[in-house]
Each structure stands twice: as structure tokens, then as C-alpha cells.
Amino acid sequence: MTRPAPTSDERSAPFFEGAARGALVLQRCTNCGEHHFPITEICTNCLQTDMEWVDASGDATLFTFGVMHYLYHPGFAKELPYNVSVVELAEGPRMNASVDAPNESLEVGMTLKVAFDTVEGVAVPIFRPA
Ligand SMILES: [Zn+2]
């Protein structure tokens with residue numbers, strides 16, 4: 001059993017296409033420049049609806065994390081205990097992700113850089129210490 005893979009749809013396809021080429025891509029409002037994640041149809045900063053997809057820097061800091069000790073899905077058996085983290089991207093949005101580092105080394109505020117893991121053929125962003 002492997003970890004469950006995310007599935008893309010029409011709205012999220014650019015995100016997963018970017019991940020497949022090794023880029024973290026985000027929506028950016030063409031009016032005010034605010035970056036958004038998760039995907040949105042309306043800019044929460046200026047309320048305009050014109051968005052473009054742009055490559056993000058991949059730079060982030062660890063905002064918070066939890067360490068899972070209970071097996072909620074058999075696909076995670078080999079990774080137990082594993083972290084579920086929230087990273088704050090340099091562009092502003094926060095994203096749930098795994099940090100590929102020993103759980104005991106995680107510290108809120110540590111600097112991270114995006115990397116990509118492949119789950120059943122789907123590239124998903126993870127983060128590693130910078
Ligand atoms: Zn805007």
C-alpha cells in the first residue's frame with residue numbers, strides 16, 4: 001500500500017504541471033500581485049478575478065508542525081512517525097506539506113526549500129532544510 005496520491009482537476013492542473021517539472025507554482029493576482037494558495041477565483045486582497053500562474057521561489061519557513069504517531073492510513077506505515085507541517089512561503093501563502101528531515105530536528109522558523117516527492121506518479125511538493 002502506498003500513500004494516497006492527490007488528483008488534479010481543471011483548476012489545479014497548472015499546480016501539478018509545475019510540480020512535474022520541478023517548480024512550485026502559485027496563482028498571482030494580475031492586479032495587485034498578491035500570491036494565493038490554495039487556489040482561489042477571487043483575490044482576497046483586492047477582490048479582482050484575474051489570476052496568472054507563476055513560479056514561486058521555493059523558499060519557505062516552518063510555520064508549525066505536528067508529528068503523527070498513529071497510523072491513520074496504511075500507506076504511511078513505513079514513515080511513522082511522520083510530520084505534517086505548515087510552511088510559510090516567501091511569497092506569503094501558507095501550505096500544508098511534509099518536511100523531509102528528522103522530526104526531532106524541526107524548529108518553527110527554520111528555513112526550508114521546496115523539493116518534490118513522487119507519489120504514484122504524481123509530483124508533490126515537500127520541503128527540506130535550506
Ligand atoms: Zn489582487
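What spacing do the donors of the zinc ion follow along the chain? The spacing is C-x2-C-x10-C-x2-C.

## About the model

This is a predicted model, in which local features need pLDDT of at least 70 and side-chain atom pairs count only at pLDDT 80 or more, while totals for chains, interfaces and linings use all residues. Residues are numbered from 1 along each chain as its sequence is written, and side-chain values use heavy atoms, with hydrogens and water left out.

## The zinc site

Let us start with the metal. Cys29, Cys32, Cys43 and Cys46 are the protein donors of the zinc ion, each through SG, at 2.2 to 2.3 Å from the ion. Donors here are N, O and S atoms within 2.8 Å of the metal (3.2 Å for Na, K and Ca); water is not among the atoms, so sites may look incomplete.

The angles subtended by the 4 donor atoms run from 101 to 117 degrees, so the arrangement is tetrahedral. For orientation, the ideal angle for four tetrahedral donors is 109.5 degrees. Buried means under 20% relative accessible area, exposed over 50%, and partly exposed in between (1.4 Å probe, protein chains only).

Phe15 belongs to helix 1 (residues 13-20); helices (H or I, at least four residues) and strands (E, at least two) are DSSP runs, numbered from the N terminus. With a relative accessible area of 8%, Phe15 is buried. Leaving out residues up to four places away in sequence, Phe15 touches Leu24, Val25, Phe37, Trp53, Met95 and Pro125, where contact means heavy atoms within 4.5 Å.

Now to the rings. Rings of Phe, Tyr and Trp (its six-membered ring) pair if their centres lie within 6.5 Å, with planes under 30 degrees apart counted as stacked, over 60 as edge-to-face and the rest as tilted. By this rule there are 4 aromatic pairs. Phe15 and Phe37 have ring centres 5.4 Å apart and planes at 40 degrees, so this pair is tilted. The pair links distant parts of the chain, since Phe37 sits in the loop between strand 2 (35-36) and strand 3 (51-55), 22 residues from Phe15. Phe37 counts as partly exposed, at 27% relative accessibility. The rings of Phe76 and Tyr82 lie 4.8 Å apart at their centres with planes at 25 degrees, so they are stacked; both residues are buried. Ring pairs also join Phe15, Phe16 and Phe37 into a cluster.

Where does Val114 sit? Val114 is found in strand 7 (residues 111-119), and it counts as buried at 18% relative accessibility. Apart from neighbours within four places in sequence, Val114 is in contact with Leu24, Gly58, Pro125, Ile126 and Phe127.

Strand 7 pairs with strand 8 (residues 122-129) in the antiparallel sense over 8 bridges; pairing requires at least two bridges found by DSSP. Phe127 is the bridge partner of Val114 in strand 8. The two strands form a hairpin with 2 residues between them, and Glu120 in the turn has a positive phi of about 50 degrees.

Conventions
Tetrahedral: all angles 85-135°; square planar, octahedral: opposite > 155°, others 65-115°.
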